[in-house]
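Welcome! Here is a short tour for someone meeting this structure for the first time. Please take a look at the model, and then read on.

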Amino acid sequence: MEKLIISPAPHIHGGDTVSKNMYGVLIALIPALLASLYFFGLGALIVTVTSVVACVVFEYLIQRFLLKGAKTIFDGSAALTGVLLAFNLPSNLPIWIIIIGALVAIGIGKMSFGGLGNNPFNPALVGRVFLLISFPVQMTTWPVVEPLSTSYLDAATGATVLSMINEGGASFPAITDMLIGKMQGSLGEVSAIALLIGLVYMLIKKIITWHIPVSIFVTIIVFAGILHFVDPQTYVSPITHLLTGGIMLGAIFMATDYVTSPMNPRGMWIYGVGIGLLTIIIRTWGAYPEGVSFAILIMNGFTPLINYYVKPKRFGEKPKTN
């Protein structure tokens with residue numbers, strides 16, 4: 001009988017590379033970047049450039065002097081972490097605080113675990129949550145939207161929609177303003193339309209699948225919708241939840257991180273439902289107006305467990321019988 005010789009996997013190369021996907025995500029973030037530059041002006045530019053440069057420099061220094069491994073600063077992952085960290089910050093944050101956030105994101109959130117592919121938590125969110133806990137005043141002081149503003153540290157400030165909700169306010173921006181981004185918030189989260197354009201781009205390019213964003217959106221609509229239906233005077237509509245804060249940014253660009261999210265569709269659904277539930281729970285009954293960052297990091301921690309118990313059926317595997 002003639003023997004068949006099978007080479008080790010992978011048998012088919014799809015053409016994807018780390019750098020191709022990372023730069024693809026960066027391209028998808030361009031509409032949100034342009035929106036932030038328009039609505040927040042000079043502050044958005046300073047925060048984004050500082051964050052990206054700091055993340056790239058810290059990754060290089062750690063690899064050069066501590067890990068002494070192959071240099072990966074050109075694969076786009078450090079720059080992507082820098083952009084996502086910046087998008088989670090107010091546009092008037094002092095440069096020295098941004099640099100600390102970049103150090104925590106890259107040094108603790110990524111490189112302390114061995115670099116890209118080994119980190120259990122999204123690095124940008126690690127940096128963001130560290131800054132939120134360490135510098136709560138600076139991280140919750142939001143510049144008022146002023147198109148093409150030249151103000152930075154001295155920008156006028158105001159409350160976000162989530163802060164108004166947390167304080168029991170009832171006067172919110174119009175839906176159209178929330179869609180385009182004409183409201184206070186972190187510089188990269190305010191324009192839902194810009195973020196959705198990025199989602200469409202990544203789906204077309206097959207950089208991500210639809211499972212995680214859709215499961216998060218559906219869970220938030222259902223859970224927040226039930227609360228709103230029961231008591232509309234106390235709980236805001238699910239549309240308000242979707243269009244404010246970091247839900248769009250988190251669901252599309254951070255929860256879908258390859259390393260920290262489940263590997264198969266069933267696991268992605270469990271993961272996304274968990275993020276959606278935790279987000280609304282924290283927003284509604286927690287101490288912080290926003291809950292997306294915490295929700296994603298918590299579910300990042302459950303990802304290995306989800307991957308272990310929700311496995312695809314092996315080719316040729318027979319069903320178990322009692």
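Helices here are DSSP runs of H or I with at least four residues, numbered from the N terminus. With that in hand, α10 is followed by Lys206, whose phi is positive, near 60°. Please keep in mind that this is a predicted model.

**The whole protein**
- The protein has 15 helices and two strands.
- Among contacts with a separation of 6 or more, 74% are between residues 24 or more positions apart.

**Helix α10**
- Helix α10 covers residues 192–204, and at 1.5 Å a residue its 13 residues should span 18 Å.
- The end C-alpha atoms of α10 are 18 Å apart, which agrees with that expectation.
- Which residues of α10 are buried? They are Ala192, Ala194, Leu195, Gly198, Leu199 and Met202.
- The partners against which the buried residues of α10 pack are α1 (18–28), α2, α9 (175–180), α11 (211–230), α12 (238–243) and α13 (247–254).

**Helices α2 and α3**
- Two packed helices are described by the angle between their axes and the distance between the axes.
- For α2 (residues 30–40) and α3 (residues 42–67), the angle is about 135° and the axes are 6 Å apart.
- That angle makes α2 oblique to α3.
- On the α2 side, the contact is made by Leu33, Ser36, Leu37 and Phe40.
- On the α3 side, Leu42, Gly43, Ala44, Leu45 and Thr48 make the contact.
- Sorted by class, the contact of α2 with α3 has six nonpolar residues, three polar ones and no charged ones.

**Phe58, a residue of α3**
- Phe58 is found in helix α3.
- Is Phe58 buried or exposed? Its relative accessibility is 18%, and because buried means under 20%, Phe58 counts as buried.
- Setting aside neighbours within four places in sequence, Phe58 is in contact with Ile99, Ala102, Leu103 and Ile106.
- Phe58 and Ile99 are 41 residues apart in sequence, while their C-alpha atoms are 9.4 Å apart in space.

Key: Residues numbered from 1 in each chain as written. Predicted model: local features only at pLDDT ≥ 70, side-chain atom pairs only at ≥ 80, totals over all residues. Heavy atoms only, no water. Axes fitted to C-alpha atoms, helices over the stretch in contact; angles between N-to-C directions. Parallel < 35°, antiparallel > 145°, perpendicular 65-115°, else oblique. Contact = heavy atoms within 4.5 Å. Nonpolar A, V, L, I, M, F, W, Y, C, P; charged D, E, K, R; others polar. Expected span 1.5 Å × (residues − 1). Buried < 20%, exposed > 50% of the residue type's maximum accessible area, 1.4 Å probe, protein only.
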